[in-house]
Amino acid sequence: MKDRNQGPSALSRRSLLKAGASAAGIAAIGSVAGTAPSAFAQSGFDWKRFKGEHLEVSLTLGPRGELLQKYRKEFEDLTGMTVGDEQVPEQQHRQKVAIEFTSGNTSFDVVTVAYHVQKQLYGRGKWLVDVRDYIKDPKLTSPEFDFADFAKGATDYATQKDGRLDTLPLNLDYFVIYWNKELFAAKGVSYPKSFPEIIEAAAKLNDPKAGIAGWLMRGLKNANLPPYLTFLLGYGVDSIDPDLTIHMDGPEAIEAAKIYQKLDKEYAPPGVTGFNWNECQSNFLLGKGAMWLDGIGFALPLEDPNKSKVVGKVGYGVIPPGPKAQRSPLFGDGIGISGSSKKKEAGWLYCQWATSKMMAQRQVEGAYGAPGRSSAYQAAMSSPNLKAPKEWLECMIETIKIARAGLPDIVAVTEFRDTYGVALTNMITGADPATELKKATDAFRPVLIKTEKG
Amino acid sequence: MTTWATLPGSRAGARDSGSFWLRVARVVGAGQRRPYVLFVLPAMAIIAAVIIFPWFFTLFMSVHDWKITQSRTFVGLDNYAQLFGDERFQWALLRTLYYTLLAVLAPLILGTLAALVFHRKFPLRGFLRGVFILPMMATPVAVALVWTMMFHPQLGVLNYLLSLVGIPPQLWVFDPGTVIPSLVLVETWQWTPLVMLIVLGGLASLPTEPYEAAQLDGASAWQTFWRITFPMVLPFLMVAAIIRTIDAVKAFDIIFVISQGGPGTASETLNIFLYLQAFAFYNIGYASAVVVVFFALIIALSLALLYVRQRSKWSP
């Protein structure tokens, strides 16, 4: 079995920050509020070449969608185009978009894509426009766009197996551990430095009589794969290799499953089998959880006094090293142009704007997520507008160094999540990890072979 | 006055008119022998487009191996064979029957009891009847979202209410053993009023003579209910049972919003299974086979209930 500690998918902090440091003036921009149109218009690039056109944009409901809608007027002023943008909840968005693409005619020109679920499906269908030629075309791409500013790991994640680049990275989601500093201090526990220490800390902090769970983690099938993969990656293996070797019933997978099982079965709140991130967040916000393993994008609600009882008490922790590697599973979203759009080049202007340095910086500063652009982090570090604690940003930058694609790069990602998700849920209710993983692998293998063949 | 005889296409009209519509009627009506066909055509066209074509297309898809972005291959009855060998499908089928049984019986029993109560005269009866049928008016998805919060083991109001009477907290939809009864609780809360309305209508239409005779014979309240009311109201109950069965078999919104078929697959009914195959895994051919089997199941259940209803018909 290969050791993937230094696998090609790992993002490099150096690559992120190097480009950021060389991005002249970004750090000096500091506050970006109100400076955007002039910043975009500096190079003399003709943003208004499609003036009067109307674009339809289909967005996934969430912080990135909110950010793009918030600054939509700026794009409209910059280009003279009008934009109709719609946010649709994640699951419904995926279905709606797939059905529209299958029909051969989409109602939108630009669309967001979840790399960890839809990338292969979109790639196989060639549903999106390959933007590599657009990037090279100075008439279509502003000099300020600076494609080199995207981290290599991010563009690798966006690139299809055949080399096509049909999206631009919009957001990267890393898994981290949120921890309640007050509860840790009360029990004299320090932040864990290894997987066994996570279990040890969860056991010490777990206090069901006081309504405190030592550990919060998704137990709901399908949603529970990302936290499980956090432990699997720590054992130095991916779930499925590019040659389609499945490691999900191997010794590492079983050991990782035992950790997952112990944490959710013994130290999570009753009913965790139905918990998605939302239920975990509710408990953590109310101070009823000592640790919570999930994506990095929850700093805003946790630090919002109107929603949270743990404001100022939250620690943002990097995933501790596993027995073989220190890894954080990476998930991400991109934005691309529909192949059936009649306004592809106008749509490209929208994609440029949506993934521009300015928007990326806003994304970090406002804690809307983690963009794929290196310059954004450097700029946000010195920005007075950073809404989340600096510890959150530092945690994110540290986590980037250990990030690795969480889910396998296959077409049948949803079946993968569903099949193994059921196995993990069964483990929480007492089933044997080895048996469940074997059963799930036997069920999933034919699906994998069939879908990857086609 | 326009009569049938003077309408275009009719025999009398045909003699008096040489209009375009008449000529169409002649062609379609095979020389005026069936002039009514013209009037039926629009409805037939719509039915063909929205019911018959989708059905044939579903049957067509069900005999193909067809996944979005992949080519379509004819596989005959392989999808059906695979379906009946699929353990997950078999469990989904059993769960659907279990869910249906509970989601029909509970509202039938409670709705009948409520109808008996509301059939009696008492102050504010009309107002209380109105309040009782309110759940039926709510959107199922909204109802499901509210119940999701109520079911939360730590933060939900249901466990708080239980704690007030000394009952330990329950896991409700978060436990494989209690998820289906908990989901049925939501169905029951929402659809008991429907049964109540149907039975109430039946009770209002019953003759008074049998009750007078029973009173003269000294029948007890239970005997009156069991020997007179129940047999006479049974046809109405069967109507309610048919409506509830069709509703319960195709229940999706409440299950999907509250449990998404979980924990694990503990509440995965046929509808959820079908949804996953069609819209999450994009197995269009396989999902179509599920639709065909599902349709057969609904038809079988409805026919069985209709047969029982015919047997239970009361004639004065």
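Helices (H or I, at least four residues) and strands (E, at least two) are DSSP runs, numbered from the N terminus. By that rule, chain A has 21 helices and eight strands. This is a predicted model, in which local features need pLDDT of at least 70, side-chain atom pairs count only at pLDDT 80 or more, and totals for chains, interfaces and linings use all residues. Residues are numbered from 1 along each chain as its sequence is written, chains are lettered from A and ligands numbered from 1 in the order in which they are written, and side-chain values use heavy atoms, with hydrogens and water left out.

**View 1. Overall dimensions of chain A.** The C-alpha atoms of chain A fill a box of roughly 65 × 50 × 35 Å along the principal axes. The radius of gyration is taken over C-alpha atoms, and the globule rule is 2.2 Å times the number of residues to the power 0.38. For 454 residues a compact globule would come near 22 Å, and the 22 Å of chain A agrees with this.

**View 2. The two domains of chain A.** Domain 1 covers 13–172 + 330–405, and domain 2 covers 174–328 + 408–453; such bounds come from an automatic or database domain assignment. Each domain brings 28 residues to the contact, where contact means heavy atoms within 4.5 Å. The domain centres, taken over C-alpha atoms, are 29 Å apart. Between them, the two domains bury about 2,600 Å², with carbon and sulfur atoms giving 61%. Buried area is the accessible area (1.4 Å probe) that two parts lose on being put together, summed over both.

View 3. Four salt bridges are counted between domain 1 and domain 2 of chain A, a salt bridge being a side-chain nitrogen of Lys or Arg within 4 Å of a carboxyl oxygen of Asp or Glu. Asp409(A) and Lys119(A) form a salt bridge with an N to O distance of 3.6 Å. On the domain 1 side, two or more residues each come from helix H7 (115–125), strand E7 (328–337), helix H19 (390–401) and strand E8 (403–405) of chain A. H19(A) gives the most, with seven residues. This side of domain 1 of chain A has 17 nonpolar, four polar and seven charged residues. In this count Ala, Val, Leu, Ile, Met, Phe, Trp, Tyr, Cys and Pro are nonpolar, Asp, Glu, Lys and Arg are charged, and the others, Gly among them, are polar.

**View 4. A salt bridge between a strand and a helix of chain A.** The search over all chains finds 33 salt bridges. In one of chain A, the side chains of Asp85(A) and Arg72(A) meet at 2.8 Å, N to O. Asp85(A) lies in strand E2 (residues 82–88) and Arg72(A) in helix H5 (residues 72–79), so the pair ties together parts 13 residues apart in sequence.

**View 5. The interface of chain B and chain A.** In this contact, 27 residues of chain B meet 33 residues of chain A. The two chains bury about 2,500 Å² between them, 60% of it on carbon and sulfur atoms. Four salt bridges and nine residue pairs in polar contact are found across the interface. Lys450(A) makes a salt bridge with Asp65(B), with the closest N and O atoms 3.1 Å apart. Helix H14 (residues 270–280) of chain B gives the largest share of the chain B side, four residues. That side of chain B comprises 14 nonpolar, nine polar and four charged residues.

**View 6. The two domains of chain B.** Domain 1 of chain B spans 2–62 and domain 2 spans 83–314. Five residues of domain 1 and seven of domain 2 take part in the contact. The buried area is about 490 Å², of which carbon and sulfur atoms give 84%. In domain 1, Trp55(B), Met61(B) and Ser62(B) lose the most area, together 77% of what that side buries. The count between these domains is zero salt bridges and zero residue pairs in polar contact.

**View 7. Backbone details in two loops.** The peptide bond from Gly262(B) to Pro263(B) is cis, with omega near -5°. Pro263(B) lies in the loop between helix H13 (253–258) and H14 of chain B. Leu244(A) is not a glycine, yet has a positive phi of about 75°. Leu244(A) sits in the loop between helix H12 (225–234) and helix H13 (251–266) of chain A.

How values were computed: Polar contact = N/O pair within 3.5 Å; in protein donor to acceptor, adjacent residues only side chain to side chain.
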